Amino acid sequence: MARIPDTDIERLKNEVAVQRLVEAAGIELKKVGKDFAGRCPFHAEDTASLVVTPAKNLWHCFGCGAAGGPIDWVMKLKGVSFRHAVELLKEDSALAAVCGEPVKRTTVRSLPPPVALDADDRALFLQVVD
């Protein structure tokens, strides 16, 4: 496979707004000073621990410790590799109008998580045994 050019990666990091990605995932963000706060989709919580900093184009969850930029968000949210996340960001014109040339569709299947996130102990044990 061809290597993704560093210029394309930097362009995605700079031009794709993390705030738009988070809102596109259905997370309601509220302005808190210069940043925005919302509920993290990666763990169960009652309070807003996900912080989006538009000035730096970064996100961080103080509850689970997950953090990063736009590519990291797509990797974590969709459960895909770095390369697949870059391809998804390049292909989705609603999220980013960058990298003029279209990218080939990936042949990598998106697999369901191996264990249900809300499983109780018995269900988790049975999933592991299966």
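**View 1. R3 and D6 meet in a salt bridge.** The closest N and O atoms of R3 and D6 are 3.3 Å apart, where a salt bridge is a side-chain nitrogen of Lys or Arg within 4 Å of a carboxyl oxygen of Asp or Glu. R3 counts as exposed because its relative accessibility is 63%, and D6 is partly exposed with a relative accessible area of 46%. Here, buried means under 20% relative accessible area, exposed over 50%, and partly exposed in between (1.4 Å probe, protein chains only). Please keep in mind that this is a predicted model, in which local features need pLDDT of at least 70 and side-chain atom pairs count only at pLDDT 80 or more, while totals for chains, interfaces and linings use all residues. Residues are numbered from 1 along each chain as its sequence is written, and side-chain values use heavy atoms, with hydrogens and water left out.

**View 2. D8, R11 and K90 are linked in a network of salt bridges.** The structure holds three salt bridges, and two further views of the charged side chains come together here. D8 meets R11 at 3.5 Å, N to O. Both D8 and R11 lie in helix α1, three residues apart, which is about one turn of the helix. Helices (H or I, at least four residues) and strands (E, at least two) are DSSP runs, numbered from the N terminus. D8 also forms a salt bridge with K90, with the closest N and O atoms 3.0 Å apart. Because D8 lies in helix α1 and K90 in helix α4, the pair ties together parts that are 82 residues apart in sequence. D8 is buried, with a relative accessible area of 10%, and K90 counts as buried too, at 16% relative accessibility. R11, in turn, is partly exposed at 32%.

**View 3. The largest nonpolar core has 23 residues.** A nonpolar core is a set of buried Ala, Val, Leu, Ile, Met, Phe, Trp, Tyr and Cys residues joined through side-chain atoms within 4.5 Å. Which members touch the most other members? They are V22, L50, V52, W59, I71, W73 and L89. At least two core residues come from each of α1 (6-15), α2 (18-24), β3 (50-53), β4 (58-61), α3 (70-78) and α4 (82-91). L89 sits in helix α4 and counts as buried because its relative accessibility is 0%. From L89 to L21 the C-alpha to C-alpha distance is 9.8 Å, although 68 residues separate them in sequence.

View 4. S49 is found in the loop between β2 (35-38) and β3, and it counts as buried because its relative accessibility is 10%.

**View 5. Five strands form an open antiparallel sheet.** The strand order is β1-β2-β3-β4-β5, and two strands pair if DSSP finds at least two bridges between them. Strands of a sheet pair through backbone hydrogen bonds, either parallel or antiparallel. At the edges are β1 (30-32) and β5 (67-68), each pairing on one side only. Three bridges join β1 and β2 in the antiparallel sense, and V32 stands opposite D35 in β2.
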